[in-house]
Every structure is written in structure tokens, then in C-alpha cells.
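Here are my notes on the model, written as numbered points for you to read beside the structure.

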Amino acid sequence: MKDGNISDGVYIVDWAHVTKGNPLFDAALSYIKIYYEYGKELAETYKKDYISDIAGDRAKELSADKTVEEAFYKFVPAAAAAIMPAANKKMREFLRSFVI
């Protein structure tokens, strides 16, 4: 931020400290949106950073007997399905690859 204004660039809003629901769902939702807008490479970087640096005890607790990464991927289809109704035709086609 400069002089109270957000400068040009890419910003990721991290939902790791949400108080309701599973934070892995929010991370999966962010992953899909980043993938759509900026490509797989940046989305994978986000996922890797989230899992290694950001995912807190709550995400680890909610992943039960799976690794956090395995649990993360379980939420990707649900996150894609959640945003599909409001998506435009092009994005819906993209989202189908995650749901099917």
C-alpha cells in the first residue's frame, strides 16, 4: 500500500485464520481462482506456500489422518462446484475439469 492506495500487483487474501468452516475449503477456493486468472504455476505456488507456511493447527486437525495436501485436494471439487452457479460460460467450462 502506498499513501492509503493499493498499488498495482497481485494480492492474495489468505483465509487461514477463519473461525468457521474448514480453512482448506477457503484455500481450495483461492487456488481455483488463482489458477483461472493467473495459471497453474502460480496456483501451485500458492498451494505449496499455504501448506508449508500458512496452514495452521486447525487445518492440520481437520485433515485427520491425511496429509494437509491430500485433504486440500479433497476440497477442490467442492470449491469449484460452489462458484460454478455464478461463473460465466468460460469459467464454468474451466471449473468442470475440477468437478468431474
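1. A search of the whole structure finds ten aromatic pairs, where rings of Phe, Tyr and Trp (its six-membered ring) pair if their centres lie within 6.5 Å, and where planes under 30 degrees apart count as stacked, over 60 as edge-to-face and the rest as tilted. In the pair formed by phenylalanine 25 and phenylalanine 75, the ring centres are 6.5 Å apart and the planes stand at 80°, so this pair is edge-to-face. Because phenylalanine 25 lies in helix α1 and phenylalanine 75 in helix α4, the pair ties together parts that are 50 residues apart in sequence. Helices (H or I, at least four residues) and strands (E, at least two) are DSSP runs, numbered from the N terminus.

2. Please keep in mind that this is a predicted model, in which local features need pLDDT of at least 70 and side-chain atom pairs count only at pLDDT 80 or more, while totals for chains, interfaces and linings use all residues. Residues are numbered from 1 along each chain as its sequence is written, and side-chain values use heavy atoms, with hydrogens and water left out.

3. Phenylalanine 72 is buried, with a relative accessible area of 0%, whereas tyrosine 73 counts as partly exposed at 35%.

4. Ring pairs also link Tyr31, Tyr35, Tyr36, Phe72, Tyr73, Phe94 and Phe98 into a cluster. Tyrosine 36, a residue of helix α1, counts as partly exposed at 21% relative accessibility. Leaving aside residues up to four places away in sequence, tyrosine 36 touches Asn88, Lys90, Met91 and Phe94, where contact means heavy atoms within 4.5 Å. The C-alpha atoms of tyrosine 36 and phenylalanine 94 are separated by 7.4 Å, although these residues are 58 apart along the chain.

5. How do the helices α1 and α5 cross? Their axes come within 11 Å and cross at roughly 125°, with axes taken as lines fitted to C-alpha atoms, for helices over the stretch in contact, and angles running from 0 to 180 degrees between N-to-C directions. The two helices are therefore oblique to each other, since angles under 35 degrees count as roughly parallel, over 145 as roughly antiparallel, 65 to 115 as roughly perpendicular and the rest as oblique. Tyr31, Ile32, Tyr35 and Tyr36 of α1 make the contact with Lys90, Met91, Phe94, Leu95 and Phe98 of α5.

6. The largest nonpolar core has 23 residues, of which Tyr31, Ile32, Phe72, Val76 and Leu95 touch the most other members. Such a core is a set of buried Ala, Val, Leu, Ile, Met, Phe, Trp, Tyr and Cys residues joined through side-chain atoms within 4.5 Å. Helices α1 (23-38), α2 (40-54), α4 (68-83) and α5 (89-99) each supply at least two residues of this core. Valine 76 touches Ala28, Tyr31, Ile32 and Phe98, not counting residues up to four places away in sequence.

7. As for the whole protein, there are five helices and zero strands, and buried residues make up 32% of its 100 residues.

Technical notes
Buried means under 20% relative accessible area, exposed over 50%, partly exposed in between (1.4 Å probe, protein chains only).
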